[in-house]
Amino acid sequence: MATRVTTNKKSPPAGGRTRGSAGPAAAARTPNGSLAKSDLLALYRYMVLMREFEDTIIRLYTQGKIVGGAYTGNGNEATAVGSAYALSDGDYLFPMHRDMGAHFVRGQSVDNLMLMHLARKGSLTEGRDGTGHYTDRDLRIFGNISHLGAMLPVACGIGLAVKLRKERNVVMTYIGDGGSNVGEVHESLAMASAMRLPLVLVIENNQYAYSTPVSRQFIVERLSSRAAGYGIPGKTVDGTDVLAVYHACREAVARARAMRGPSIVESVTMRMHGHAAHDNAWYVPPKELAAWKRKDPIARFEKVLTGKGVLTAAMKKQLVAELRSGIEKSAAAALDLPYPPAEDALRGVFFEPPAR
Amino acid sequence: MAMLTYIEAINEGLRDEMRLDPTVFLLGEDIGAYGGAFKATKGLLEEFGADRVIDTVLAEGAIIGAATGSALAGLKPVAEMQFSDFVSNGFNQLVNVTAKYHYRNFIPVPMVVRLPSGGGIRGGPFHSANTEAWFFHTPGLKLVAPSTPYDAKGLIRAAIREPNPVLYFEYKYLYRHIKSEVPDGDYEVPIGAADIKRTGSDITVITYGTGVHWSLEAAETLSREGVEVEVLDLRTLMPFDRKAVLSSVEKTGKVLIVHEANLTGGVGAELSAFIGAEAFRHLDAPVRRLASPDTPVPYAPPLEDAFLPNAQKTAEALRSLAAY
Ligand SMILES: Cc1ncc(C[n+]2csc(CCOP(=O)(O)OP(=O)(O)O)c2C)c(N)n1
Ligand SMILES: [Mg+2]
């Protein structure tokens, strides 16, 4: 199978190039996947960046500056960051709506994500879509669309292309506890397992799908047990523990890279905010929320890092200040930009090749 | 030149493009060793191997999504729906993922979905559908519907070379019912170009797919009655050839639109509105439509025969229009 790439205004997939304000996407890691001190700090940094970025988005939302809804992954930082950190250069990411940290890990910039949320001219979709709904072929990030599960078949297609070209890249994708019921998720698992596609599916079990608790979504004990139905490995991890998520994903990634087929990693955590900023989550019992609050993934990892002497209070203070000021600058700059011009709306339904 | 059936022409078109372009590959249910439910991909596994003629799991959403994903990765997939009817299972992929991809991301999606369409084969309500109207209404998809072996081969080649998603509607009834001369060499039928299959001065029939054959037969009948009918074969439904439609309407002043898909909200409705808006002063009669009635496709032979348009019904509609 040849490797010619179709025309595109952007360059063809170039894999894993890093950019953005959060430092390197994947710091040097030992071959067996164990993490150096710099990795631990990078994980921490991405988690804090995700939280700070999303807090800013919420603030902008309450100021009426966000176009549409504001979704956050508060409580999901360990899952988003730990999973994406298990990828290597050239791998593909298909994140969902609670995975802002994964975008950052794979090198997306705060500026670009700010422009997406604010629907400004020059955003990755030129204002045609918002939040994380973009595709960046340079970074190999294929953002979600609203329809839950709809990108899984596309992830299979990328995995198929990887396999046909005998490349060694992995496709990592995500789905929520609720979204895990969507037909395309199961179709994709059927296809990926039968074809041994290099796919990792992270199921983000955060106890709720909008207002519906998991007790009304499924009756299995663990969503990872669904893997058995496809003859693939399934593992459930504590989704508030970034290292647990990382190691489980690393294993699944290694299996995919060896062309031994897909895996499921179920990451169990809590959606600490409402479904989106408009939703105060009155349906979540306060006790349940309080119990999860004690397991906040960032606070938890902080404890680990300070215990190891990797992180100090001063370092933390400096990091938060630095990230905040970067995000603030980015928001201010984006707010200064215009929306795309109205006449732009009709452009681009089809690709029009330059005249021959 | 070779005499080919309609389905042989599709098969040749696929083979020629696969020989020319190593990024072209096929995926679908039972398309490999079995050669496809209708044998459209017969012999291709043997020539190109299992990496380019891929038997998939039975999951249309995954098939269409995998086509989309591999197209985004720079390959040129041609996905087969075993029957056009089953594209409903991949509907979300097509209308929400595939169709919106370029508009949202400025990345071309060069893929083809082949849809064996239509009735007349006693297939009943779930193996006879004409589904083009579902997608005609969806911005971001191109739709072609060849009526002859020549067009079938030329359009499959153009569809594969097209950098946008193309739905290729092919007609099961025509697969082995028609045969014609098809050039051996490299040619394509451009997407967006209609074709006058018969010239005439009194009435224009605008049609596509199986409707072309009913219309040509009816036109011969009408000619014996002194009415000269022009048969305009759209070949591409989206984007349809506005210029060709207008110039034929300006010439004849009377229009009958014929399609096998059911009437309401069909392609004919849009054509009719277009002609009414753009060629009103050239019209000598209201635009008429002949289509299947708004029911599912029935199974029993007398029911299906009553349901489908045919040459006789087309001739009747033409007579009535001629007398207007
Ligand atoms: C197919 C589909 N149905 C409904 C919705 C509306 N919706 C958006 S998110 C959501 C809940 C998703 O829950 P889950 O999959 O558990 O993910 P979470 O938001 O909890 O991370 C719903 C119902 C949608 N986006 N897509
Ligand atoms: Mg959930």
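Modeller: Happy to; we can go through the metal site, a helix, a pocket and the cavities in turn.
Modeller: This is a predicted model, where local features need pLDDT of at least 70, side-chain atom pairs count only at pLDDT 80 or more, and totals for chains, interfaces and linings use all residues. Residues are numbered from 1 along each chain as its sequence is written, chains are lettered from A and ligands numbered from 1 in the order in which they are written, and side-chain values use heavy atoms, with hydrogens and water left out.

Biologist: Great. What coordinates the magnesium ion (ligand 2)?
Modeller: Asp177(A) through OD, Asn206(A) through OD1 and Tyr208(A) through O, at 2.0 to 2.1 Å. Donors here are N, O and S atoms within 2.8 Å of the metal (3.2 Å for Na, K and Ca), and water is not among the atoms, so sites may look incomplete.

Biologist: And what spacing do those donors follow along the chain?
Modeller: The donors of the magnesium ion (ligand 2) are spaced D-x28-N-x1-Y.

Biologist: Is Asn206(A) buried or exposed?
Modeller: Asn206(A) counts as buried because its relative accessibility is 7%. Buried means under 20% relative accessible area, exposed over 50%, and partly exposed in between, using a 1.4 Å probe and protein chains only. Tyr208(A) counts as buried too, at 6%.

Biologist: Switching topic, how many residues does helix α7 of chain A have?
Modeller: Helix α7(A) has 16 residues, 242–257, and reaches 22 Å from first C-alpha to last, close to the 22 Å expected at 1.5 Å a residue. That expected span is 1.5 Å times one less than the number of residues. Helices (H or I, at least four residues) and strands (E, at least two) are DSSP runs, numbered from the N terminus.

Biologist: What happens at the start of α7(A), and what follows the helix?
Modeller: At the start, a side-chain oxygen of Asp241(A) comes within 3.0 Å of the backbone nitrogen of Leu243(A). After the helix comes Met259(A), with a positive phi near 60 degrees. The buried residues of α7(A) include Tyr246(A), Cys249(A) and Arg255(A).

Biologist: Now the second largest pocket: which residues lie nearest its centre?
Modeller: Tyr71(A), His97(A), His133(A), Asn144(A) and His275(A), out of 37 lining residues. On a 1 Å grid over the protein atoms alone, a pocket is an open set of points with protein on both sides within 12 Å along at least five of seven lines, a cavity is a set where a 1.4 Å probe fits but cannot get out, and lining residues have an atom within 4 Å of a point. The second largest pocket holds about 650 Å³ of space.

Biologist: How many cavities of 30 Å³ or more turn up?
Modeller: The search of the whole structure finds two. The largest cavity has a volume of about 50 Å³, and its lining includes Ser180(A), His186(A) and Arg226(A). α6(A) gives the most to that lining, with three residues.

Biologist: What about the second largest cavity, which residues line it?
Modeller: Chain B residues, among them Leu14(B), Thr41(B), Glu80(B) and Arg114(B). The space inside is about 40 Å³, and strand β4 of chain B (residues 76–80) gives the most to the lining, with three residues.

Biologist: One last thing, where is Asn11(B) found?
Modeller: Asn11(B) is in helix α1 of chain B, residues 6–20. A polar atom of the Asn11(B) side chain lies 2.8 Å from the backbone oxygen of Ala40(B). At 9% relative accessibility, Asn11(B) counts as buried.

Methods: A polar contact is a pair of N or O atoms within 3.5 Å; within protein, one must be able to donate a hydrogen and the other to accept it, and residues adjacent in sequence count only if both atoms are side-chain atoms. Grid points are joined across faces, edges and corners, and a volume is the space filled by probe spheres set on the points.
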